Amino acid sequence: MLQGEDHAAGLSTHTRSQGTVIPLPPTATVRWVTEDWDAPAPALLREQMSAELAPRYAPVAHRRVRPPQPTAEEIVVTWVAYADWVPVATASLRRLPDRHEVKRVFVHPGHRGRGLARAALQAVESSALGLGVGQLWLQTGEFQPEAQALYAREGWQRVRPYAPYDRNPFSVCFTKALPLDRPE
């Protein structure tokens, strides 16, 4: 496990794998680290994300076209935020033949409103810049207005759904140009 930059945050709750929320001191530290896509912490957070989104899309599930899920080989990096050693947020960078995508940006509900989604995006963008990637892509859904608002606030531009998401009538896609020539 590679250690990323530490970020202090005034988190007031903390979650265990079972979903129990217990109090955290206001001085709880958030630590960002990179992990394998298949590691337990990011897998748990992705499961929580799927469980949260399933009811939103249940009424249209019969009309959704789901593309293949990312494979571990496609994932360049997965960032995970830990609050006092409990995983609370994640995001990944996926390399495809024709683009790099941000995948599975998720913050546990008990830790939202503290800038962790923004920090997750920044971590992935930083990783992409380190690889010389000049443009990122991502897909979210029509029933995820919070995600759409986050991406717009963070400078992402909405675009027509691209393949393979163009077959899903509920896809919403974004892209963002990265400043490859930014001063150090």
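Is Tyr162 buried or exposed? Select Tyr162 to start the tour: its relative accessibility is 7%, so the residue counts as buried. Keep in mind as you click around that this is a predicted model.

**Stop 1: the aromatic pairs**

Time to look at rings. A pair of aromatic rings is described by the distance of the centres and the angle of the planes. Searching the whole structure turns up six aromatic pairs. Start by selecting Tyr57 and Phe143, which form an edge-to-face pair with 5.1 Å from centre to centre and 70° between the planes. Now colour the chain by element and see where the two sit. Tyr57 belongs to helix 1 (residues 40–57), while Phe143 is in the loop between strand 8 (135–141) and helix 3 (145–153). That's a link between distant parts of the chain, as the two residues are 86 residues apart.

Tyr57 has 4% relative accessibility, so it counts as buried. Phe143, with 28%, counts as partly exposed.

**Stop 2: arginines over rings**

Keep Trp137 on screen and select Arg99. The charged end of Arg99 sits over the Trp137 ring, 5.0 Å from its centre. Then jump to Trp37 and show Arg46 too: Arg46 lies over the face of Trp37, 3.6 Å from the ring centre.

**Stop 3: the largest pocket**

Which residues are the closest to the centre of the largest pocket? Select Met49, Leu53, Val105, Thr140 and Gln144, and you have them, out of 42 residues that line this pocket. Its volume is about 980 Å³.

Now show the elements around the pocket. Those that give two or more residues to the lining are helix 1, strand 7 (99–107), helix 2 (116–130), strand 8 and helix 3. Helix 1 gives the most, with seven residues.

For a last view, colour the lining by residue class. You'll find 21 nonpolar, eleven polar and ten charged residues there.

Terms used
Residues are numbered from 1 along each chain as its sequence is written. This is a predicted model: local features need pLDDT of at least 70, side-chain atom pairs count only at pLDDT 80 or more; totals for chains, interfaces and linings use all residues. Side-chain values use heavy atoms; hydrogens and water are left out. Rings of Phe, Tyr and Trp (its six-membered ring) pair if their centres lie within 6.5 Å; planes under 30 degrees apart count as stacked, over 60 as edge-to-face and the rest as tilted. Helices (H or I, at least four residues) and strands (E, at least two) are DSSP runs, numbered from the N terminus. Buried means under 20% relative accessible area, exposed over 50%, partly exposed in between (1.4 Å probe, protein chains only). A charge sits over a ring if NZ of Lys or CZ of Arg is within 6 Å of the ring centre and within 35 degrees of the ring normal. On a 1 Å grid over the protein atoms alone, a cavity is a set of points where a 1.4 Å probe fits but cannot get out, and a pocket is an open set with protein on both sides within 12 Å along at least five of seven lines; lining residues have an atom within 4 Å of a point. Grid points are joined across faces, edges and corners, and a volume is the space filled by probe spheres set on the points. Ala, Val, Leu, Ile, Met, Phe, Trp, Tyr, Cys and Pro count as nonpolar, Asp, Glu, Lys and Arg as charged, and the others, Gly among them, as polar.
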